[in-house]
Amino acid sequence: MIAKQLAQPVGLVTTSDSVHDVARRMVDEGLPGLAVVADDGRPLAVLPASQVLGLAVPAYIKDDPSLARVVDEASADRLIDGLASLTVQGVLDDAEPDLLGTVPHDATLLEVACVMSQLRVSFLVVSGPDGKALGTITAQSVLGASLSQA
Amino acid sequence: MTTALAVGIFLVVYVLIATERVPRVVAVLGGVAGVFAVGIVGAQESFYSEETGIDWNVIFLLLGMMLVVAGLRRTGLFEFMAIWSAKRTRGRPYPLLVLLTTLTAVASAMLDNVTTVLLVAPVTLLVCSRLKLNPIPFLIAEVLASNIGGASTLVGDPPNIIIGSRADLSFVDFLVNLGPIILIAMVAFLLLSRWVFRDAFTYDSDAAKSVMQLDEREAIADPKLLVRGLVVLAFVLVGFVLQRSLGIDPSIVALLGGGAMMLAVPGPTEEYMKHVEWETLVFFMGLFVLVGALVQVGAIDALATALTDAVAGDPVAATFGILFGSAALSAIVDNIPYVATMSPVVEQLAANDPTLNPGNVLWWSLALGADLGGNATAIGASANVVVIGIAKRYGYPISFWQFTRYGLLVTVVTVVLCVPYLWLRYLA
């Protein structure tokens with residue numbers, strides 16, 4: 001089985017989308033992340049849900065995690081409020097270079113698993129022969145496909 | 001020829017440190033390679049000599065205190081105190097600045113300045129975001145207070161550690177001689193802050209209520225660890241106070257404290273080692289080798305003799321020359337290499353003419369000039385550089401001139417305050 005067969009045409013967002021909307025789509029579509037594509041369809045990056053959560057944590061609390069405990073429950077519940085003005089492009093500008101998790105359409109399950117484990121993500125973009133994003137692939141679908149072959 | 005080589009290598013290293021063309025530790029180690037390669041000093045002079053070698057008292061005092069701090073930061077004590085202070089002010093900006101800067105200054109007297117500002121910056125951001133206040137004036141005020149407060153003790157600022165070791169001055173000597181003027185300087189700084197940071201003091205009663213919702217007790221992960229950490233800190237401070245009568249060096253007190261802290265506040269060894277600033281320790285070692293090379297070739301002796309002739313037996317000229325000269329130079333270059341270089345010069349100056357140094361006034365003027373001068377510019381002290389870096393990362397960039405505008409004014413006021421103090425106490 002190859003990546004193309006598992007790719008789902010879901011979870012693609014553009015750089016101008018707001019991170020708040022991206023978070024909403026993750027919840028509504030039940031996805032562990034979303035793929036960012038350029039206007040011409042080229043995959044640019046993978047945005048895992050864990051990273052979106054990380055963006056909601058102020059840098060000063062990341063530096064001193066004990067401060068997370070002192071914030072009251074009502075304020076902590078509104079952690080996503082800080083993302084309202086942030087766009088996906090803003091995230092990519094500050095992102096680490098290895099954020100781009102892409103596999104070619106003909107990658108085998110082993111190749112996909114290898115990239116996921118190297119990048120420690122559960123979500124990748126599958127690119128077609130023309131370099132455009134075909135869709136996304138999740139760790140769950142890779143495990144499911146492998147189990148079905150066993 | 002050897003003298004010219006040693007001085008040449010030293011100046012190149014100094015320029016590289018000042019211009020930050022290469023990391024400072026690389027610059028220093030490059031210079032060390034140079035003095036070894038041309039044979040100015042060897043292993044005997046650099047590793048074992050008290051005159052020209054690495055000052056291991058300084059290295060191990062720093063290492064011990066870094067371990068003590070690494071344990072303390074695991075307890076959440078600092079976060080607790082900062083949030084408790086913020087709640088006592090009920091969100092009023094100026095009292096908040098007074099309490100946070102006072103807390104920073106007191107902590108800086110016991111811990112190193114960089115660590116203190118690293119601890120206070122995140123909690124400042126949290127409180128300021130709650131109060132809808134611009135955190136930049138608060139961060140600048142805290143680093144200025146850190147440099148002022150750190151000047152009051154042997155362990156508060158790295159230049160003091162170098163001076164203490166070179167001049168054999170104890171923790172109590174520093175506290176008794178520098179404590180009063182630092183207290184005066186701190187009061188003056190707080191009064192000055194009311195005026196220079198006045199634009200930052202906007203009060204929002206609704207935002208103030210949100211500060212009261214913070215629960216400082218949650219910062220303490222384990223009260224038992226906190227108690228144990230405080231007990232170790234108390235023993236370390238008592239050890240510093242009694243160090244002279246106990247007949248042990250400050251470095252031994254710090255190393256015992258560091259070891260005790262690792263036992264009392266157990267945690268992964270890697271976590272403790274992560275908070276030891278190995279680069280700083282290597283930087284110090286390299287500096288000592290380079291300055292030792294200058295001592296070895298007689299350059300330091302020649303400079304001290306020239307200074308002795310220049311002041312012509314006048315302790316007033318020597319004291320205030322060192323005070324203002326140190327403040328001016330520490331504003332431009334990091335005060336650590338400056339003091340590492342000047343300490344043997346001052347030692348020689350005092351030895352050449354003991355009447356110049358009543359009550360160790362030359363050492364106190366060197367410490368005050370270098371410590372307070374570090375506030376003048378954004379690059380004057382390591383803590384300034386660290387806070388500016390943190391502020392940028394948090395989305396509040398502080399420009400060189402924005403910092404310097406406040407820092408220079410505070411430096412001028414605090415250094416000028418030292419003049420009557422030194423005059424009345426040691427020279428009148």
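**Helices, a contact and a hairpin in a predicted model**

Reader: How many helices and how many strands does chain B have, and how compact is chain B for 428 residues?

Author: In this predicted model, chain B has 21 helices and zero strands. The globule rule gives 22 Å for 428 residues, and the radius of gyration of chain B is close to that value, so chain B is as compact as a globular protein of that length. Along the principal axes, its C-alpha atoms fill a box of roughly 70 × 45 × 45 Å. The radius of gyration itself is 22 Å.

Reader: Which helix gives the most to the side of chain B that touches chain A?

Author: The contact takes twelve residues from chain A and 17 residues from chain B. On the side of chain B, α5 (77–88) and α7 (113–131) each supply at least two residues. By class, this side has nine nonpolar, three polar and five charged residues. With four residues, the helix that gives the most to it is α7(B).

Reader: Is B:Ile398 buried or exposed?

Author: B:Ile398 has its place in the loop between α20 (382–393) and α21 (400–427) of chain B. Leaving out residues up to four places away in sequence, it touches B:Ile136, B:Ile140, B:Ile388, B:Ala391 and B:Phe403. A residue is buried if 20 or more other C-beta atoms lie within 10 Å of its own. Because B:Ile398 has 21 C-beta neighbours inside 10 Å, it counts as buried.

Reader: Why is β2(A) described as largely enclosed by the rest of the structure?

Author: Strand β2 of chain A covers residues 33–37, five residues in total. It is largely enclosed because the number of its residues that are buried is four.

Reader: Which residue in the turn between β2(A) and β3(A) has a positive phi?

Author: β2(A) also pairs with strand β3 (residues 43–48) of chain A, in the antiparallel sense and over five bridges; in β3(A), the bridge partner of A:Val37 is A:Pro43. The two strands form a hairpin with five residues between them. The residue in the turn with a positive phi, of about 90 degrees, is A:Gly41.

Reader: What is the phi of B:Asn360, and what is the phi of B:Arg90?

Author: Most residues other than glycine have a negative phi. B:Asn360 lies in the loop between α18 (335–352) and α19 (361–373) of chain B, and B:Arg90 has its place in the loop between α5 and α6 (93–110) of chain B. B:Asn360 counts as partly exposed, with 19 C-beta neighbours inside 10 Å, and B:Arg90 is partly exposed with 14 other C-beta atoms within 10 Å. Although neither is a glycine, each has a positive phi, which for B:Asn360 is about 65 degrees and for B:Arg90 about 55 degrees.

Methods. Residues are numbered from 1 along each chain as its sequence is written. Chains are lettered from A and ligands numbered from 1 in the order in which they are written. This is a predicted model: local features need pLDDT of at least 70, side-chain atom pairs count only at pLDDT 80 or more; totals for chains, interfaces and linings use all residues. Two residues are in contact if their C-beta atoms, placed from the backbone, lie within 7 Å. Ala, Val, Leu, Ile, Met, Phe, Trp, Tyr, Cys and Pro count as nonpolar, Asp, Glu, Lys and Arg as charged, and the others, Gly among them, as polar. The radius of gyration is taken over C-alpha atoms; the globule rule is 2.2 Å times the number of residues to the power 0.38. A residue is buried if 20 or more other C-beta atoms lie within 10 Å of its own, exposed if 12 or fewer, and partly exposed in between; C-beta atoms are placed from the backbone. Two strands pair if DSSP finds at least two bridges between them.
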